[in-house]
Amino acid sequence: MSRFFITTPIYYINAEPHLGHAYTTMVADAVARAHRLMGDDVLFLTGTDEHGQKVERAAKKAGLSTPEFAARIAQKFLDILPVLDISNDDFIRTTEPRHRAASQALWRRVREKGHIYKGKYEGWYCTIDEVFVPDTQLKDGRCPICSNAVERIAEESYFFRLSAFQDRLLDHYERHPDFVTPEARRNEVLSFLRAGLEDLSISRTSFTWGIPVPDDPAHVMYVWFDALTNYMTAVGFGDESPAATKRFDSYWPADVHLIGKEIVRQHAVYWPALLLAAELPLPKRIVSHGWWLMEGAKMSKSIGNVVAPQAYVSRFGLDALRYFVFREMVFGQDADFTDEAFLTRYNADLANDLGNLVSRATTMIHRYCEGIVPAADVSLLSRPEERSLSNTVDALVKRVGKSVQSFQLSVALREIWDAIGAVNRYIVAREPWRLAKDASRRDEVDTALFVAADALRVIAELLRPFLPGTAERTLRMLGVEPSPRAWASLTRGDLAPGTRLGEIAALFPRIEHTVQELRQMTDDTKPPVAANGPVQPSTQAPLHPSTPAPVSIPAPVSTLAPERISIDDFLKVELRVARVLAAERVPKSSRLLKLSVDVGTEQRTIVAGIAEAYEPESLVGRTVVVVFNLKPAKLMGVESNGMVLAASPEGGKPTLLGFTEPPEPGTRVR
Ligand code: ME8
C-alpha cells in the first residue's frame, strides 16, 4: 500500500472561511478520497495559520484578546469541514504546542547548519499577504499581490541564507520537472530563481504574536517560517518520541502541497530552500490552482467580495456546490463564480443528465421488472450498442483515476458525464418501454435494463470522491451495498441480478427559480465578512423544497400532420397558472394523485395521473399549468375540477409543465 500525504494551505484566521478556501479544501478532499479508493494509505491535512501581525491587528479591532480571537475564528474553519463533508485526517492549528516545538526544532536545525544570521531589515512589508516587498516589486507604491498599501519597517531581524540555495534549487527543478505544476507556475518560479535570490528576513521584533525564536525571545518567527513548518509538525517533526520519529519517517516527504497560485513562491522557493538547509527531504509535488473571481477580481477577504459556501450548501445541497466548483474551474486557471453558470450546471448536468438518468433507469426496473435487477442475456451483449457502452465503462475507471492524479477534476467529471450521456443514448436506442409491450422480447428488456443499471453503478462508484452523498444515494437506489468498492476491483457486469432496488428519490430537483431570485436568496444568507460578529443563521426555507426532477423519456414523433385549429378554437381552452397547495395519493390507485391547487381566484381539487412520476410531498409549492374551464369529472370517486398539463410520452412517465420564472397563480397561459 503506498502512502499518500496531501496538504492544503493552512488558512489565515483574520476573517471567516469563504469559497476560495472551501475550494482548495474540497479539491484536496476529492483527491484524498480517490486515493483511498485506489488503495493508498492517505493522510490528508488541513488547518489554520494563526500567527502574525495581521491576526494581532484583527483581534484588536474585534476587541478580543488575540488567543480568544484566534480560537473563535479557527473554530469557524473547523465548523465548515462537516458542512463540506471533508474527510481530513488531521487539522493543525499553529498555536498548538506540537507546532511550536516543531517550528523551534526546524529553526535550531537550520541555525546549527549555519544558515541563519542576525542583521537588520529595512524595507516594505504587506501585512495582508505577510510578505516583504522589495522596492523593485512595488506596483504604484503598493503590494504587487493584493494592491493594498505597504508599510515601511526597519528592525533587527534574523535572516535565512536563501541566496546560497539558488543553484541547488535550480538543480532540483531540472531533475524533477513535475516538482511544481502547472507548467506556467513552474516557469514563473524558474525565472524568479534565475534572477537571483536575496536572503530572507525570518524574524520580527515589532509585535509578539508568534513563535519565539529559540534562545532570543525578543524575536518572533516570521509567520511564513512557522506556517510552512506545519506540514512536518503534523507527521511528528519536533517530537523526539520513537512513535513520532517513525511516523515522520514514514509520511515525510509530503506527496502533494495543494495551494493557490499566489503562494507559490513561499512553497516552491522558501520551503524547499529551508528543507535543503535542514538537510531534510523535499515535498514531491507542489500543485497550484487558480483563483475564483467575482466579476474579474480575486475573491478575497481583504476586498470583501466573497461567496459564503454555506449559503449554496443550504440552498442547493453540498454536492451541487462540489460539482460546480470541480467542473467549472479548469484546474490551474482562474474562473468566475457566477450564479448564471451555477444554475446552468445544476439544471443541465445534475438535474437533467444525471438525475433524470438515475430516475429513468430505476423507474423502468420498477415498472418492468418488479423492482428487481434483471439478468442480461449474454448472447445479446455482443451487439454493437452493448459493446460500445461496455467499452466506455471499461475505459472510464482508468481515465478518471488518471485525471484525478493530475488534479484535473473538471476533466474527470467531463469523462464521467460523457459516460452518463452514453448510458442515456443507449436507453434511447434500446427503447425498453417499446420492447416491454411485446412479451417475446422480454430478454431484450432485461438486458437493456441490466446494462444501463450496471453502467450506472460503476458511474456512481466513480462519483464517490467528488459527490459522496449523490454516489451513495444512487447506489442505494440501485440496491448496491453502500460500502465503497476499491477502484482496482471495479468492473463492469458486477451488479447482481436479483438485487432488489432501493426506494427512488429525486437526486437533484430542478431549480425553477430565476438567477435574480437565486441571488437574493444566497445574498441573504451570506455571513458577514468581518470576523467579529456572529453568523446570522439562515431563516429561509430551502430553495427547492424537494421538487422532483422531471423525467423525460423521448416521445415518438408523429409524422402525420394534425388538423389545424383557429386561434379562437384554441382560446376556448382556458389555461391558467396554478400553485399546488397539497397533494395526496388517491386510495387504491397507483396512477392518480389528488391535488389541491390555487388557481388565483379560488382553490380547487384536481385529480392527475402523475403518481408514478412524482411523490405527493414533492409537488407542494410547485407551479403548474391547468385547464381551468374543463367540465368536472369523477375519477376513482374523487371529483376533479380541471386538468394539470404534463408531457406524456408513450410508455414513459409524465413530466409536468413548469416555469423557470413562475408567475402568480391565476395568470392566463396562451
Ligand atoms: O495564504 N480562489 O492563507 P490564506 C481560490 N496562511 N482559492 C483561494 C481564493 C480564491 N479567490 N482565496 C483563497 C495563506 N484561496 C497562508 C498559507 S500555507 C503554509 C500558509 C485559497 O487564508 C487558496 O488555496 O490567505 C489560497 O492559497 C489560500 O486559500 C490562501 O489562504
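**Exercise 1. Helices α5 and α6**

Determine how helix α5 is oriented relative to α6 in this predicted model, and which residues form their contact.

*Solution.* 
Step 1. The axes of helix α5 (residues 166–175) and α6 come within 10 Å, and they cross at roughly 155 degrees.
Step 2. Angles over 145 degrees count as roughly antiparallel, and α5 is therefore roughly antiparallel to α6.
Step 3. From α5, the contact draws on Q166, L169, L170, Y173 and E174; from α6, it draws on R186, V189, L190, L193 and R194.
Step 4. Sorted by class, this contact of α5 with α6 holds six nonpolar residues, one polar residue and three charged residues.
Step 5. As for handedness, α5 passes α6 in a left-handed crossing.

**Exercise 2. Helices α12 and α14**

Classify the packing of helix α12 against helix α14 by angle, by handedness and by the classes of the residues in contact.

*Solution.* 
Step 1. Helix α12 spans residues 339–369 and helix α14 spans residues 409–430; their axes come within 10 Å and cross at roughly 45 degrees.
Step 2. An angle under 35 degrees would count as roughly parallel, and 65 to 115 as roughly perpendicular.
Step 3. The crossing in which α12 passes α14 is left-handed.
Step 4. On the α12 side, the residues are D349, L350, D353, L354, L357, R360, A361 and M364; they meet W417, I420, V423, N424, I427 and V428 in α14.
Step 5. The class count for the contact of α12 with α14 is ten nonpolar, one polar and three charged.

**Exercise 3. Helices α7 and α9**

*Solution.* 
Step 1. Helix α7 contributes W224, F225, L228, T229, Y231 and M232 to the contact, while α9 contributes Q266, H267, Y270, W271, L274 and L275.

**Exercise 4. The largest pocket**

Describe the volume and lining of the largest pocket, and identify the element that gives the most to that lining.

*Solution.* 
Step 1. The volume of the largest pocket is about 1000 Å³.
Step 2. Its lining has 36 residues, with P134, Q137, F192, R265 and Y270 nearest the centre.
Step 3. At least two lining residues come from each of β4 (116–126), β5 (131–133), β6 (151–160), α6 (183–194), β8 (200–201) and α9.
Step 4. The most is given by α9, with five residues.
Step 5. By class, the lining of the largest pocket contains 20 nonpolar, six polar and ten charged residues.

**Exercise 5. The second largest pocket**

Carry out the corresponding analysis for the second largest pocket.

*Solution.* 
Step 1. The second largest pocket holds about 750 Å³ of space.
Step 2. It is lined by 37 residues, and H21, D129, E262, K298 and K301 are the closest to its centre.
Step 3. Two or more residues of this lining are given by each of β1 (3–12), α1 (19–37), α7 and α9.
Step 4. Here α7 gives the most, with five residues.
Step 5. The lining of the second largest pocket divides into 17 nonpolar, 14 polar and six charged residues.

How values were computed: Residues are numbered from 1 along each chain as its sequence is written. This is a predicted model: local features need pLDDT of at least 70, side-chain atom pairs count only at pLDDT 80 or more; totals for chains, interfaces and linings use all residues. Side-chain values use heavy atoms; hydrogens and water are left out. Contact means heavy atoms within 4.5 Å. Helices (H or I, at least four residues) and strands (E, at least two) are DSSP runs, numbered from the N terminus. On a 1 Å grid over the protein atoms alone, a cavity is a set of points where a 1.4 Å probe fits but cannot get out, and a pocket is an open set with protein on both sides within 12 Å along at least five of seven lines; lining residues have an atom within 4 Å of a point. Grid points are joined across faces, edges and corners, and a volume is the space filled by probe spheres set on the points. Ala, Val, Leu, Ile, Met, Phe, Trp, Tyr, Cys and Pro count as nonpolar, Asp, Glu, Lys and Arg as charged, and the others, Gly among them, as polar. Axes are lines fitted to C-alpha atoms, for helices over the stretch in contact, and angles run from 0 to 180 degrees between N-to-C directions. A crossing is left-handed if the near helix is turned anticlockwise from the far one by less than a right angle, and right-handed if clockwise.
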